[in-house]
Amino acid sequence: MRIAIIVFPGSNCDRDMMVAVESLTGRRPALIWHKQNNLDPIDLAIIPGGFSFGDYLRCGALAAHSPIMNALHDHAARGGAILGVCNGFQILTESGMLPGFLGRNQELKFICKQITLSVNGATNCALTGSLDHKQTLQIPIAHNEGNFFADAETLNRIESNGQVVLRYKSDKYATSSNPNGSLNNIAAICSLNGKILGMMPHPERAMGKGHESADGRKLLHSIFEAIKT
Amino acid sequence: MQVIITINKKPGVLDPEAQAIKQSLFSLGFDDLENVTVGKQITLFIETEDQERAKYRAAKMCEALLANAVIEEYKIRVNELS
């Protein structure tokens, strides 16, 4: 299984993701600097969380035009798998690989907490097929701009195509089912072909052993199972 | 030529920052306030003397990077005195 993690100036979850991937696959993924123009054939590209280019202009907007993105667009056009987490999700929407936009959290606060997620039973996501739809997942979020927005027509299309993968269910203390104002409680969506997954929660921070939860393992494991076959 | 681009949220897009500012102004007694929008202004200098050309290039830049059409709209103003 060939996995590459794309690193931008300001990425800060790249190494955590590398450790998480290695712990599940036994192989250390390649870290690819954003200035690289080409990608060797890979099974999965991961765009990690962080603050690429200092979140200048809009989160992910400048990273979406980095040299490596041409190679990622080619990879996507060949039906390749991509996972974007947090800032990685923002980069995927800014580059047009996923629909919608991730705006300022409704309460204008950076939110960092454990959150409960439900898996959409009707999802067409090709990467999370082995996830149990009846089970909830405990995975933390940590973002200032995770408020998912799309116009009514796009939102309808995303829903009817089964592109919603995860929704916020409640936080650990069950105070709110929606931490950031996201439309339809959306926490993760995928592309029409189901191969590109963008999610605000950080699975690499829910790997057990010192973490509050090990549910990130389940999510990453399902992705690795999907790209193996 | 100096080009001034103003980028604002499209009507109907939730703008929690503008809402918060509106609330604050209200609580300061500015009760005649009808609406608040928060946007950004980007000033560019484009190498041309042709206003239409400057506007055209600035619009291209907005579409390529400066504005996100999902949530934002932009206005372009050319500064004739520059």
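User: Which residue forms a salt bridge with Asp215(A)?
Analyst: In this predicted model, local features need pLDDT of at least 70, side-chain atom pairs count only at pLDDT 80 or more, and totals for chains, interfaces and linings use all residues, while side-chain values use heavy atoms, with hydrogens and water left out. Residues are numbered from 1 along each chain as its sequence is written, and chains are lettered from A and ligands numbered from 1 in the order in which they are written. A salt bridge is a side-chain nitrogen of Lys or Arg within 4 Å of a carboxyl oxygen of Asp or Glu. With closest N and O atoms 3.3 Å apart, the partner of Asp215(A) is Lys218(A).

User: In which helix do Asp215(A) and Lys218(A) both lie?
Analyst: Helices (H or I, at least four residues) and strands (E, at least two) are DSSP runs, numbered from the N terminus. Asp215(A) and Lys218(A) are 3 residues apart, about one turn of the helix, and both lie in helix α5 of chain A.

User: Is Asp215(A) buried or exposed?
Analyst: Buried means under 20% relative accessible area, exposed over 50%, and partly exposed in between (1.4 Å probe, protein chains only). Lys218(A), at 33%, counts as partly exposed. Asp215(A) has a relative accessible area of 12%, so Asp215(A) is buried.

User: Which backbone nitrogen lies 2.9 Å from a polar atom of the side chain of Ser213(A)?
Analyst: Ser213(A) lies in the loop between β11 (196-199) and α5 (215-228) of chain A, and with a relative accessible area of 8% it is buried. The backbone oxygen of Gln138(A) lies 2.7 Å from a polar atom of this side chain. The backbone nitrogen at 2.9 Å is that of Asp215(A).

User: How many residues of chain B are in contact with chain A?
Analyst: Contact means heavy atoms within 4.5 Å. On the side of chain A, 14 residues take part, and on the side of chain B the number is 16.

User: What area do chain A and chain B bury between them?
Analyst: Buried area is the accessible area (1.4 Å probe) that two parts lose on being put together, summed over both. Of the area between chain A and chain B, 67% is on carbon and sulfur atoms, and the total is about 1200 Å².

User: Which three residues supply 43% of the area that chain A buries against chain B?
Analyst: The share of these three is more than that of any other three residues. They are Leu57(A), Arg58(A) and Phe149(A).

User: With which residue does Glu72(B) form a salt bridge?
Analyst: The count between chain A and chain B is 2 salt bridges. The closest N and O atoms are 3.6 Å apart, and the partner of Glu72(B) is Arg58(A).

User: Which residues do salt bridges that share partners join into one network?
Analyst: The count over all chains comes to 9 salt bridges. Those that share partners join into one network Arg58(A), Glu94(A) and Glu72(B).

User: Why is the pair of Phe89(A) and Phe148(A) stacked?
Analyst: Rings of Phe, Tyr and Trp (its six-membered ring) pair if their centres lie within 6.5 Å; planes under 30 degrees apart count as stacked, over 60 as edge-to-face and the rest as tilted. The structure holds 1 aromatic pair over all chains. The ring centres of Phe89(A) and Phe148(A) are 6.5 Å apart, and the pair is stacked because the planes are at 20°.

User: Which parts of the chain does this pair link?
Analyst: Both Phe89(A) and Phe148(A) are buried. They are 59 residues apart, and the pair links helix α3 (residues 87-94) and strand β8 (residues 147-149) of chain A.

User: What is the relative accessible area of Asn87(A)?
Analyst: Asn87(A) lies in helix α3 of chain A. Leaving aside neighbours within four places in sequence, its contacts include Pro48(A), Phe51(A), Asp55(A) and Cys59(A). Asn87(A) is buried, with a relative accessible area of 0%.

User: What is the phi of Phe53(A)?
Analyst: Phe53(A) is in the loop between β3 (44-47) and α2 (68-77) of chain A, and is partly exposed at 26% relative accessible area. Although Phe53(A) is not a glycine, its phi is positive, at about 50°.

Terms used:
A polar contact is a pair of N or O atoms within 3.5 Å; within protein, one must be able to donate a hydrogen and the other to accept it, and residues adjacent in sequence count only if both atoms are side-chain atoms.
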